[in-house]
Amino acid sequence: MNLLSCSNNHCVLSSSLVAATDPPLKNLKVSIGVPRFGFGHRNGSLRNNHRVSKIVAYYGLKNPPYKLDALEPYMSKKTLEVHWGAHHRGYVEALNKQLAKNDVLYGCTMEELIKVAYNNGNPLPEFNNAAQVWNHDFFWESMQPGGGEMPTLGLLQQIEKDFASFTNFKDKFIEAALTSFGSAWVWLVLKREKKCLAIVKTSNAVNPLVWNDIPIIGLDLWEHAYYLDYKNDKAKYVNTFMNHLVSWNAAAARMARAQAFVNLGEPKIPVA
Amino acid sequence: MALRTLVSRKTLRTSSLGLRGLQTFSLPDLPYDYGALEPAISGEIMQLHHQKHHQTYVTNFNKAIEQLDGAASKGDASTIVKLQSAIKFNGGGHVNHSIFWKNLAPVREGGGEPPKGSLGWAIDNHFGSLDALVQKINAEGAALQGSGWVWLGVDKELKHLVVETTANQDPLVTKGPNLVPLLGIDVWEHAYYLQYKNVRPDYLKNIWKVINWKYAGEVYEKECP
């Protein structure tokens, strides 16, 4: 497993954006419970080593980097409450339940877990839950209050390089979102091999990590993401995302980090 | 009851195309009011589901068929192939939802009444009891990841009942060419979200109160006389 590709990109963002939680609880296996995740832990059961130590939690539900009503009026508090509080939480709990039964997959970072569970296209049962946990973390962090407008500096330059203009990128992104079928996601990714930005559609829980690409922006197109606010008007939701929600700050941070792994520009070394 | 069918543009199309008459599809009427299935399915959901979602499938299906016709008459093979996913998705959506509306009925018109006759017997033989069938369908419907349908179908060759799921708008026939749908339950989020939010199992539990077994029985008797 290539360790470079497995690092936890939550850490980069969490210092500035995230209100609460720790990175995946890698070393938690035989230790204290973390009550704020909602998993209790009785004091007695740790002291007796001959008793089987009860694993409390593998992954926690991370808070979005803003209050649940901060994205109003573009994404309602109600939507955040159900989408984050029920759907996202549901995926975390389902994943923890699966790992409790079979924790041979425990010990990975979330990104490693997703790649292993994807199993090259023949996904293991853990894949759906793991990927959806990651996808939703990424989604909340892809938005911000007062989002929209345009990227700047290096990210804008790269977009203009790979899409001719920002307007063209925006049109293509919206088109990709509107031509997706069923439950899907649309991503702006940095392709590792091709060393360029691209727009990628995926279905259900699949995300670009499985192809070893680096996601920069993610948009949830499952109906639960927009139905309470926009009913069937997916076009309005997607346009609102681009105009008022997407966080180019987060995208720029991810881009900056991605450049540690992908060499985007050959320096212009003059031929002697 | 107000007519909700879109006027078919068939006559206009025939005359503008001249030689070829192209069949256009239109949104079928619901045989009951939008609010008639409450409280199992809310009137708001029924209206959106029928007037927006199903209508969109019909509209886009007609568009795709028209483009297909154009490509076919020009011999444009790659466009013909490219259109297949839009045809499968939108055509499937139209086919599936047309069956779905017939699978539902208000309680006062027999919705929820258990199947009688040969279908009732077949269910007991194959699944043990109606309850067992319902549990199986609900389990498969709840476990379906993403969007799709859960079906009770009959294999018209082998004459036995099957429970199957399909993804997105794939019709039941994509799971087996001899499969005929008797009953389909839409488990796309738009089918239940406004009322049940993420609790799909509750939707599946309640929808049986308005399932029209009469229609399913009629289809079954036609395939297995």
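Tutor: Trp187(A) lies in strand 1 (residues 184–191) of chain A; strands are DSSP runs of E of at least two residues, helices runs of H or I of at least four, numbered from the N terminus. This is a predicted model, in which local features need pLDDT of at least 70 and side-chain atom pairs count only at pLDDT 80 or more, while totals for chains, interfaces and linings use all residues; side-chain values use heavy atoms, without hydrogens and water. Residues are numbered from 1 along each chain as its sequence is written, and chains are lettered from A and ligands numbered from 1 in the order in which they are written.

Because its relative accessibility is 0%, Trp187(A) counts as buried (under 20% relative accessible area, with a 1.4 Å probe and protein chains only). The C-alpha atoms of Trp187(A) and Phe173(A) are separated by 8.1 Å, although these residues stand 14 residues apart along the chain.

In chain B, helix 4 is mostly covered, with 14 of its 20 residues buried. At 1.5 Å a residue, helix 4 (residues 84–103) of chain B should span 28 Å, and its end C-alpha atoms are 27 Å apart, which agrees (the expected span is 1.5 Å times one less than the number of residues).

Helix 5 (residues 117–127) of chain B and helix 9 (residues 213–223) of chain B pack at about 90°, with axes 8 Å apart (lines fitted to C-alpha atoms over the stretch in contact, with angles from 0 to 180 degrees between N-to-C directions). The two helices are therefore roughly perpendicular (65 to 115 degrees).

Technical notes
Parallel < 35°, antiparallel > 145°, perpendicular 65-115°, else oblique. Buried < 20%, exposed > 50% of the residue type's maximum accessible area, 1.4 Å probe, protein only.
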